[in-house]
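Here is a short report on one protein chain. Keep the sequence and the model in view while reading.

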Amino acid sequence: MSHTIVLLQTTMSKSSRTFMDYESVNQAIEGICNMYEQRLKQERPNQKNITYDISQLFKFIDSLADLSCLVYTSHINAYTPYNKEWIKTKIINHLQKLAQ
């Protein structure tokens, strides 16, 4: 378990900055996916089943002004920053594990 802080800026406006914290990287990745799913539900309120593929999720991530993770690294007693590409790799790994 590595405490993870997700830093998010949805637009270029500094007022759109926010953060979410999670007990693990996996929970943070699930939180990012859930954030996208919530947006889809808002955009399609009358649709019962909402589906999407990974390319749509990645397009959403790329559309964000900023998205990064700070992951606590115990051996250095500090948080290590990671960018969108790292997050995408973690999403792929997470979804592959769910598919098994």
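## A pair in the sheet

Val71 stands opposite Thr80 in strand E4. On the other flank, the bridge partner of Thr4 in strand E3 is Val71. This is a predicted model.

Strand E1 (residues 4-9) and strand E3 (residues 66-73) are joined by six bridges and run antiparallel. E3 and strand E4 (residues 78-82) are joined by five bridges, and these also run antiparallel. Tyr72 has its E4 bridge partner in Tyr79.

## The sheet as a whole

In what order do the four strands form the open sheet? The order is E2-E1-E3-E4, with antiparallel pairing. Strand E2 (17-22) and E4 are the edge strands, since each pairs on one side only. From one strand to the next, the twist averages 20°. Helix H3 packs on this sheet and touches E3 and E4. The direction of H3 makes about 75° with that of E3.

E3 and E4 also form a hairpin, with four residues between the strands. In that hairpin, Asn77 takes a positive phi near 55°.

Ser68 lies in strand E3. Is Ser68 buried or exposed? Ser68 has a relative accessible area of 14%; the cut-off for buried is under 20%, so Ser68 is buried. Leaving aside residues up to four places away in sequence, Ser68 touches Ile5, Val6, Leu7, Tyr82 and Ile87.

Asp66 and Ser2 are 64 residues apart along the chain, and their C-alpha atoms are separated by 22 Å.

## Helix against helix

How do H2 and H3 cross? Their axes come within 11 Å and cross at roughly 155°. Angles over 145 degrees count as roughly antiparallel, so H2 is roughly antiparallel to H3. The crossing of H2 past H3 is right-handed.

Several residues make up this interface. From H2 come Ile54, Leu57, Phe58, Ile61 and Asp62. They meet Lys84, Lys88, Ile91, Ile92 and Leu95 in H3. Two of these residues, Asp62 and Lys88, return in the next section.

## Salt bridges around Lys88

Side chains of opposite charge can pair when their charged atoms come close. The model has two salt bridges. One joins Lys88 to Asp62, with the closest N and O atoms 2.6 Å apart. Lys88 lies in helix H3 (residues 84-99) and Asp62 in helix H2 (residues 54-63), so this pair ties together parts that are 26 residues apart in sequence.

Lys88 also forms a salt bridge with Glu85, where the closest N and O atoms are 3.4 Å apart. Lys88 and Glu85 are three residues apart in helix H3, so about one helical turn separates them. The salt bridges share partners and join Asp62, Glu85 and Lys88 into one network.

How accessible are the members of this network? Lys88 has 9% relative accessibility, so Lys88 counts as buried. Asp62 is at 43%, so Asp62 counts as partly exposed. Glu85 is at 49% relative accessibility and also counts as partly exposed.

## The chain overall

How many helices and strands does the protein chain have? It has three helices and four strands. Read along the sequence, they follow the pattern β-β-α-α-β-β-α. The C-alpha trace spans about 50 × 40 × 20 Å along its principal axes.

Of the 100 residues in the protein chain, 33% are buried. Consider the contacts between residues at least 6 apart in sequence: 47% of them join residues at least 24 apart.

Technical notes: Residues numbered from 1 in each chain as written. Predicted model: local features only at pLDDT ≥ 70, side-chain atom pairs only at ≥ 80, totals over all residues. Heavy atoms only, no water. Salt bridge = Lys/Arg side-chain N within 4 Å of Asp/Glu carboxyl O. Helix = DSSP H or I, 4+ residues; strand = E, 2+ residues; numbered from the N terminus. Buried < 20%, exposed > 50% of the residue type's maximum accessible area, 1.4 Å probe, protein only. Pairing = 2+ DSSP bridges. Axes fitted to C-alpha atoms, helices over the stretch in contact; angles between N-to-C directions. Parallel < 35°, antiparallel > 145°, perpendicular 65-115°, else oblique. Left-handed = near helix turned anticlockwise from the far one by under 90°. Contact = heavy atoms within 4.5 Å.
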